[in-house]
Amino acid sequence: MRSLIDILDLTTEEIDGLIETAADIAANPAKYAEVCKGKKLATLFFEPSTRTRLSFEAAMYELGGNVLGFSEPGGSSTAKGESVSDTVRTVSCYADIIAMRHPKEGAPLVASMKASVPIINAGDGGHNHPTQTLTDLFTIMNEKGRFDNLTVGLCGDLKFGRTVHSLIGALSRYANVHFVLISPNELMLPEYMKSEVLEKKGLSYEETTDLEAVMPKLDILYMTRVQRERFFNEADYIRLKDSYILTTKKLENAKQDLTIMHPLPRVNEISVEVDDDPRACYFKQVLNGKYIRMALIMKLLGLKAEV
Amino acid sequence: MIIDALKNGIVIDHITAGKGMEIYNLLKLDEIETQVAIIKNAQSRKMGKKDIIKIEGVCDINLAILGYVDPGSSVNIIREGKLSEKFHPELPEKLEGILKCKNPRCITSVEQELKHIFKLTDKESRTYRCLYCESKYK
């Protein structure tokens with residue numbers, strides 16, 4: 001039985017396979033409408049996340065399956081003090097697969113050790129969020145047609161931004177990817193990410209605080225939100241939250257085929273005027289997220305569409 | 001001070017002076033029924049002072065933790081009064097129940113029964129990371 005806890009649990013071939021399935025689902029949704037008939041997905045959200053939960057639920061419904069679960073810990077036995085281990089053992093009796101979000105890092109790994117059904121990590125604190133990374137990879141493949149030979153700008157909160165860390169980890173397995181790390185000094189990529197991932201794998205990267213200066217060289221610009229929930233200190237959050245705001249003016253020197261991505265939700269880091277720019281792909285990402293989650297659910301349940 | 005030579009057993013030699021008791025506890029030698037001797041502050045030409053632990057009659061203790069706690073120590077396995085094996089302990093790939101994760105965001109901070117497990121992620125810098133949250137042990 002397989003679970004997905006970290007994006008690196010998947011080989012590059014497996015990622016290619018998921019992307020291929022997701023693309024086929026997008027092109028032929030009717031073919032997949034009953035693949036999960038009679039199967040149940042439990043969405044255990046110990047931390048609220050409307051977006052990710054709805055994406056999983058929509059994915060399961062579109063595969064013909066059913067969904068049960070809770071959307072905040074107040075609605076679960078966790079509020080009574082039940083451990084993650086006991087919760088997933090119980091839910092394993094009701095569902096065929098579990099998508100789980102938890103504020104504590106490593107909780108989905110614990111769940112995967114105890115559950116008798118596959119676990120999908122739907123985000124564990126500031127740690128991993130592999131289905132967001134799959135979404136990002138699917139979007140990059142759709143927009144660029146490749147994972148290699150890319151200059152990828154990552155902008156905003158690179159310190160706490162788990163989507164950024166996971167994306168760097170995933171892209172580090174492809175050739176000739178150059179990372180441009182754009183952040184205020186306080187939110188730079190952690191030292192261990194540089195020494196243990198970028199430098200260890202001999203990847204090329206540069207750090208800057210100036211988004212406009214590096215804009216012309218970027219193939220992809222991945223914007224992130226400065227997340228209030230990752231700060232212990234409100235004053236630091238307020239000081240840093242508006243560090244980078246992407247506007248049409250800042251895009252003047254960008255490549256014509258730039259791909260602008262954002263894991264969403266955004267607050268104000270991308271001005272709404274950018275939404276109409278054909279290079280803005282963040283709402284496409286949302287749709288891609290549903291398709292890739294459908295592909296993942298099928299893979300983990302060992303199901304294939306009948307041809 | 002004279003401590004008899006072992007017929008069968010393990011001698012952990014070249015323990016950094018002062019670490020003998022810690023190693024005794026970590027190896028759970030208090031649970032062993034046979035004779036165990038801890039020699040503290042023994043004279044050493046190389047080290048000045050060292051600790052030594054002699055364990056009689058047991059040869060199959062899991063000594064993996066030694067490589068983490070005291071990598072300079074050496075292990076001698078004695079069989080029928082003769083030295084049958086001698087080695088320096090290597091850094092263990094996994095440490096279970098030895099280190100505690102201090103990351104307040106880690107699941108181990110709330111899941112009471114969960115064993116703290118660390119894995120070796122970089123041998124050169126002796127870096128261990130929590131299995132669950134991947135925080136570096138400092």
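I began with the largest pocket, to whose lining α7(A) gives the most, with five residues. The model is predicted, so I note that local features need pLDDT of at least 70 and side-chain atom pairs pLDDT 80 or more, while totals for chains, interfaces and linings use all residues. Residues are numbered from 1 along each chain as its sequence is written.

I took a pocket as an open set of points on a 1 Å grid over the protein atoms alone, where a 1.4 Å probe fits, with protein on both sides within 12 Å along at least five of seven lines; lining residues have an atom within 4 Å of a point. Helices (H or I, at least four residues) and strands (E, at least two) are DSSP runs.

**Largest pocket.** I recorded a volume of about 1600 Å³. Its lining counts 50 residues, with H127(A), Y192(A), R129(B), C133(B) and E134(B) nearest the centre. Elements giving two or more residues are α6 (162-171) and α7 (191-199) of chain A and β7 (117-122) and β8 (127-130) of chain B.

**Second largest pocket.** I found about 510 Å³ of space here. Among the lining residues nearest its centre are R162(A) and R225(A). The lining takes residues from both domain 1 (7-129 + 287-301) and domain 2 (131-284) of chain A, so this pocket lies between them. α10(A) gives the most, with five residues.

**Cysteines.** I counted zero disulfides over all chains, a disulfide being a pair of cysteine sulfur atoms within 2.5 Å. For C101(B), the nearest cysteine sulfur, that of C133(B), is 3.6 Å away. For C130(B), the nearest is also that of C133(B), at 3.8 Å.

Conventions
Chains lettered and ligands numbered in written order. Heavy atoms only, no water. Points joined across faces, edges and corners; volume = space filled by probe spheres on them. Domains from an automatic or database assignment.
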